[in-house]
Amino acid sequence: MPISYAPAGKTGKWDGAMDWLQMLSGICLILFVWCHAFLESSVIISPELLNTIGHFLEATGMVQVGGPLIFLVFLAHFVLAARKIPFRFEAQASIWHQAKMLRHGDTWTWIVQAASAMIILIMAAIHMWVALSDLPITAAKSAARIQSGGWSIFFLFLLVLTHVHVGAGLYRIGVKWGFVKDTERAVFLKTVTMIVFGFIGLGLITLGRYFFMSVN
Ligand code: HEM
C-alpha cells in the first residue's frame, strides 16, 4: 500500500510553529511546577513563612491573575500536544505493540508522557479550581484539606505523575531540539532522573508536614 505523507509547505510550516509553541509552553510549565514546589515547601520551615509568601502573592495579584493564566498555558499545552496523541483504540494498540517490539527507551518516555498528560489535566484542573476558589492560601487551610477525605492520596498521585511527566518532557525537549548531543544523552537522562526524584522527595516531605500539622 502506498504511504501518504503530509504535503510540504503551509501544513509543514504550521506544524513546525505548533511544535515550537508546544515546547515553549512546556518550558513555562516546567518552571511553574518547580517554583510551585519550592514555594509550597516553605511550609517545612514554618507555616508562617508559607502564609507570608501566600499573602505576598495575593496582595500583588500574582495568584488571582497568574493562576488563571497558568491554567490557560496548561490548556494550550495540552491542545498542542494532543495533535500527536492517538485517541482511537486501534491507533493506541498499534503504538503499544510497536513500542514493545522496538524496546526503545525514547518511545517509552513518549508513551509515559502522553498517558500521564490525560490524568494530570483532570487532576490539576480540579486542584487549581479548589485552590483558587478558596483564597487566601494558608498553611492551616491546606493542612485541614490534606488531612481530610482522600486529598493526601490525590496529591500523592498528582505529585508523582507531575514530576515524572515534567522529567520526561525535559528529557525529550533536550533530545528532540538538539540541545543535548547523542554522546551526552546518558548523563542528561541521569541528571533529569535525579531532579525528578529530588522534587518527588521534596513534595513527600511537604505533604508529610501538612499531614502531621496540628490544625486546632
Ligand atoms: C493556579 C495554580 C495553583 C495554585 C494556586 C496551587 C496551590 C496549591 C496549594 C495551596 C497547595 C497546598 C494544598 C492545598 O491547599 O490544596 C498545593 C499543593 C500541590 N500542588 Fe498546587 N497549585 C496550583 C497549580 C498546580 C499545578 C498546575 C500542579 C501540577 C500540575 C500542582 C501540583 C501540586 C502538588 C503535587 C501539590 C502537593 C504538595 C507539593 O508537592 O508541593 N499545583 N498547590
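**H77.** I started with H77, which lies in helix α4 (residues 62–82); helices here are DSSP runs of H or I with at least four residues, strands are E runs of at least two, and both are numbered from the N terminus. The model is predicted: local features need pLDDT of at least 70, side-chain atom pairs count only at pLDDT 80 or more, and totals for chains, interfaces and linings use all residues. Residues are numbered from 1 along each chain as its sequence is written, and side-chain values use heavy atoms, with hydrogens and water left out.

Is H77 buried or exposed? I found it buried, because its relative accessibility is 17%; buried means under 20% relative accessible area, exposed over 50%, and partly exposed in between (1.4 Å probe, protein chains only). Leaving aside neighbours within four places in sequence, H77 is in contact with Q22, S25, G26 and L29, where contact means heavy atoms within 4.5 Å.

**Q113.** Next I looked up Q113, found in helix α6. Q113 counts as buried, because its relative accessibility is 15%. Its contacts, leaving aside neighbours within four places in sequence, are H165, A168, G169 and R172. With R172 I also noted a side-chain polar contact of 3.4 Å. A polar contact is a pair of N or O atoms within 3.5 Å; within protein, one must be able to donate a hydrogen and the other to accept it, and residues adjacent in sequence count only if both atoms are side-chain atoms.

**V130.** Helix α6 also holds V130. V130 touches R145 and W151, not counting residues up to four places away in sequence.

**Ligand.** Which residues come nearest to the ligand? Of the 19 around it, I listed H36, E40, H127, S142 and R145; a residue is near a molecule or strand if one of its heavy atoms lies within 4 Å of it. A polar side-chain atom of H36 is 2.8 Å from a ligand nitrogen atom. For H127, a side-chain N or O atom lies 2.8 Å from a nitrogen atom of the ligand. For S142, a side-chain N or O atom is 2.6 Å from an oxygen atom of the ligand.

I then checked which elements give two or more residues to this shell: α1 (10–40), α6 (105–132), α7 (139–146), α8 (151–176) and α9 (185–211). The largest share, five residues, comes from α6. By type, the shell divides into 11 nonpolar, six polar and two charged residues. Ala, Val, Leu, Ile, Met, Phe, Trp, Tyr, Cys and Pro count as nonpolar, Asp, Glu, Lys and Arg as charged, and the others, Gly among them, as polar.

**Cysteines.** I searched the whole structure for disulfides and found zero; the criterion is a pair of cysteine sulfur atoms within 2.5 Å. C28 is partly exposed, because its relative accessible area is 43%. C35 is partly exposed as well, because its relative accessibility is 46%.

**Whole protein.** I counted nine helices and zero strands. Of the 216 residues in the protein, 34% are buried. Among contacts between residues at least 6 apart in sequence, 79% join residues at least 24 apart. The accessible surface comes to about 13600 Å², with 74% belonging to carbon and sulfur atoms; areas come from the Shrake-Rupley method with a 1.4 Å probe, and for residues only the protein chains shown count as cover.
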